[in-house]
Amino acid sequence: MEIKKAAVAGTMESSDCMVTIRPGDGTLDIQLDSDVKVMFGTSILETIQDTLASLGVTNADVEVRDRGALDCVIRARVECAVCRASGEAFDWTKEAAYHG
Amino acid sequence: MAEKTIRLKRTGLYASGSTPVNMIQAIFYNEDMLVYDLEDSVPASEKDAARLLVYRMLKEHRPEGKYICIRVNGIYSEELEQDLQAAVRANPDCIRIPKVEYAREVQAISRHIAEIEEAVGLEVGKIELICNIESYMGVLNAQEIAMADPRVVALSVAAEDLTASLKAQRTKAGLEVFYARNAVLLACRAAGVDALDIVFSDINDEEGLRADTALAKNLGFDGKTVVHPRQIDVVNSYFTPSMKEIKYALRVLKAVEEGKQAGKGAVTLDGGMIDKPMELRARTTLAQAEAAGINVERMVL
């Protein structure tokens, strides 16, 4: 997905994170600010990178301010920010159902 | 259609899809039914975010031992299509539809859910539906709504929008919605689905909550929607069968069984005849007790 404008998703409340995404200068640049960066920084970055890759985002400046969000929350916030920044709806047809 | 099982719905607690901390905390309370909300608790500007949050939360942090619902946006909302795409893929126990007024609305949603279930390889018909009755038209059509589709497992009365549609004043005593509660209850009984009662809004009035829940239980409701976690244990206690009720139910079924084996046409207990409704009520009581974790088989009569 092409990042066409700046967009934000999420909040600074506990257990949440705020994702800001802007058009890049040809590369993918990710900045992470987290209370738990020392312990979980690598894992959080992997989640952000995986999510961006699954959405085909290769050119963007991404800033994530984490307040102890679960992986699933980070993933959802990144997805939402990308959709808002690209002006496209989330493509549900690519999502498999939960089978337990 | 998939086979239905008895699932306790004594308490239904809403967790806003716009607030991760609410969804995480809600897992640790004792509610039977956890409703992830995409509707009223989510601002219009955050519908897209809530949809993704609820979807990801249910896929990766699904609570165990609870009846999981997603309340989607209204039938005529432009959010509904995306909500259903997300909700069906999350594969909850149930989708809760707000402001239902006609059977055809339920049937249209059920058909669309089936299309998505089929497309993503889920068993068609397994996801159940609870219809929220929130208007005078919904009350008038409650029976056709309750019987609209095999997915429907319960109707839930919601008093705030209902009183607005009635031009009534909402009061704590609730006389203005007394008829509606009973009308919906009768519809549920006719259709053989669960009846879920209105919320009691004053979270600081435990005595009022107890009185309102006792009324709901005595009227015949199966459970109640709560607005705050502190209401859960009180409401659960009223909708869990008491030892006296369980023992009586066991005695009824024992008498019925003995009557069958003896080839009797009519069976009596304590001098009174046991009819079919009594037997049905006894079976329901035991099913509720078992769903609440009470071992009825080892109970001494």
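Colleague: In which sense do strand S7 and strand S8 of chain B pair, and over how many bridges?
Modeller: A word on the model comes first: it is predicted, so local features need pLDDT of at least 70 and side-chain atom pairs count only at pLDDT 80 or more, while totals for chains, interfaces and linings use all residues. Residues are numbered from 1 along each chain as its sequence is written, and chains are lettered from A and ligands numbered from 1 in the order in which they are written. Strands (E, at least two residues) and helices (H or I, at least four) are DSSP runs numbered from the N terminus, and two strands pair if DSSP finds at least two bridges between them. Strand S7 of chain B covers residues 194–197 and strand S8 of chain B covers 223–226; they pair in the parallel sense, over 2 bridges.

Colleague: Which residue in S8(B) is the bridge partner of Leu196(B)?
Modeller: Strands of a sheet pair through backbone hydrogen bonds, either parallel or antiparallel. For Leu196(B), the bridge partner in S8(B) is Gly223(B).

Colleague: What do the strands S1 to S8 of chain B form?
Modeller: Neighbouring strands follow the order S1-S2-S3-S4-S5-S6-S7-S8 in chain B, with parallel pairing. On average, neighbours in this sheet are turned by 25 degrees against each other, direction ignored; axes are lines fitted to C-alpha atoms, for helices over the stretch in contact, and angles run from 0 to 180 degrees between N-to-C directions. Together these 8 strands make a closed barrel.

Colleague: How many helices and strands does chain B have, and what are its domains?
Modeller: Its secondary structure comes to 12 helices and 10 strands. The domain assignment, which is automatic or from a database, gives chain B domain 1 (11–239) and domain 2 (243–291).

Colleague: What radius of gyration does chain B have?
Modeller: This value is taken over C-alpha atoms, and the globule rule is 2.2 Å times the number of residues to the power 0.38. A compact globule of 301 residues would come near 19 Å, and chain B agrees with that, having 20 Å.

Colleague: What is the order of the elements in chain A?
Modeller: Chain A has 2 helices and 4 strands. Read from the N terminus on, they run β-β-β-α-β-α.

Colleague: Which strands lie at the edges of the sheet in chain A?
Modeller: This is an open sheet of 4 strands with mixed pairing, in the order S1-S2-S4-S3. An edge strand pairs on one side only, and that holds for S1 (7–10) and S3 (28–34) of chain A.

Colleague: Which residue in S2(A) is the bridge partner of Gly10(A)?
Modeller: S1(A) and strand S2 (residues 17–23) of chain A pair in the antiparallel sense over 4 bridges. They form a hairpin with 6 residues between them, and Ser15(A) in the turn has a positive phi of about 70 degrees. The partner of Gly10(A) in S2(A) is Met18(A).

Colleague: Which helix of chain B gives the most to the side that touches chain A?
Modeller: The contact takes 22 residues from chain B and 22 residues from chain A, where two residues are in contact if their C-beta atoms, placed from the backbone, lie within 7 Å. Helix H1 (20–26), helix H2 (47–60) and helix H3 (80–90) of chain B each supply at least two residues of this side of chain B. The most, 9 residues, comes from H2(B).

Colleague: How confident is the predictor in chain B?
Modeller: pLDDT is the predictor's confidence in each residue, from 0 to 100. In chain B, 98% of the residues reach 70 or more, and the mean pLDDT is 93.
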